[in-house]
Amino acid sequence: MSSNQPSKPADGGPGGTSPRSPVHGARVLIGVTGGIAAYKTATLVSRLAQAGASVTVAMTDGAARFVTPLTFQALSGRPVYTSPWEHHEASDPQHIALAGACDLAVVAPCTMNCLANLATGRADDVVTLILSALDRTRTPVLLCPSMNAVMWAQPSTKRNVTQLRADGFELVGPDEGWQACRTVGVGRMAEPEAILLAIEARLRVSSRGT
Ligand SMILES: Cc1cc2nc3c(=O)[nH]c(=O)nc-3n(C[C@H](O)[C@H](O)[C@H](O)COP(=O)(O)O)c2cc1C
């Protein structure tokens, strides 16, 4: 019997996630910053939504130059935050409410600029502001750096990454490979499937209370 009705995937979604996956029902905040790899984050948001996560996207002004908020709104089925001054859902200040309402946060792509902002405690865009209000001892934050190989190799970036790890941020990638600047090197954002697996693994650790 054929049907035109939409159906849900039997395994709960792509990437091997199932209703028993910790991604299913998880509240995931995705921060998007202004890197060329922002288009890949659309795939990540779609995969998370298909796997049963509740996904909230926040974007810097730079990110919105690469992918429109509407793309992420359509894929997540939720409001997209593009300004520290917006107030879509809660009566609490937006950044406090969003930081308190997620089980895990990811920044993908995470620019050289965003790494520097986070390493020095700046909070002057919507992504870093939400993360500034997030308690990393309870809620993991995964950063997915994405930049040209020379930017990744800068002493300032290395210092910032060392500081961020010491401050409890976790990194996924970057990978080595083809870069948008038409060279091959280290700095390419991890693939959406790899980030999804890292999210799943980290949520599994959190659910064990570690
Ligand atoms: C075409 C283009 C591509 C860019 N790609 C990257 C990138 O992949 N990684 C990065 O760190 N910066 C990249 N930048 C620079 C950032 O967009 C810039 O540093 C910006 O201020 C980042 O702001 P944000 O971190 O608030 O989003 C790119 C800029 C342009 C114009």
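**Notes on the predicted model and its ligand shell**

1. Let's start at the ligand: by class, its shell holds seven nonpolar, eight polar and one charged residues. Here Ala, Val, Leu, Ile, Met, Phe, Trp, Tyr, Cys and Pro count as nonpolar, Asp, Glu, Lys and Arg as charged, and the others, Gly among them, as polar. The model is a predicted one, in which local features need pLDDT of at least 70, side-chain atom pairs count only at pLDDT 80 or more, and totals for chains, interfaces and linings use all residues. Residues are numbered from 1 along each chain as its sequence is written.

2. Which residues are closest to the ligand? Of the 16 residues that surround the ligand, the closest are Gly34, Gly35, Thr60, Gly62 and Thr111. Helix 2 (61-64) and helix 5 (112-119) are the elements that give two or more residues to this shell, and the largest share, three residues, comes from helix 5. A residue is near a molecule or strand if its C-beta atom, placed from the backbone, lies within 6 Å of it.

3. For the overall fold, the chain has nine helices and eight strands. Both are DSSP runs numbered from the N terminus: helices are H or I with at least four residues, and strands are E with at least two. Buried residues make up 43% of the 210 residues in the chain. A residue is buried if 20 or more other C-beta atoms lie within 10 Å of its own, exposed if 12 or fewer, and partly exposed in between, with C-beta atoms placed from the backbone.

4. Six strands form an open sheet in the order 3-2-1-4-5-6, with parallel pairing. Strand 3 and strand 6 stand at the edges with a single partner strand each, so one side of each is left without a neighbour in the sheet. Strand 2 and strand 3 pair over two bridges, and Val57 has Val80 in strand 3 as its bridge partner. Two strands pair if DSSP finds at least two bridges between them.

5. Strand 7 and strand 8 form a hairpin with five residues between them. These strands run antiparallel and are joined by four bridges, with Val186 in strand 8 as the bridge partner of Glu176. Arg182 in the turn has a positive phi of about 65°.

6. Just after helix 3, Gly77 takes a positive phi of about 70°.

7. Where are the cis peptide bonds? One joins Ala108 and Pro109, with omega about -5°, and Pro109 is in strand 4 (residues 104-110). Another joins Gly173 and Pro174, with omega about 5°; Pro174 is found in the loop between strand 6 (170-171) and strand 7 (175-178).

8. Is Asp124 buried or exposed? Asp124 is exposed, with 10 other C-beta atoms within 10 Å, and its place is in the loop between helix 5 and helix 6 (126-132).
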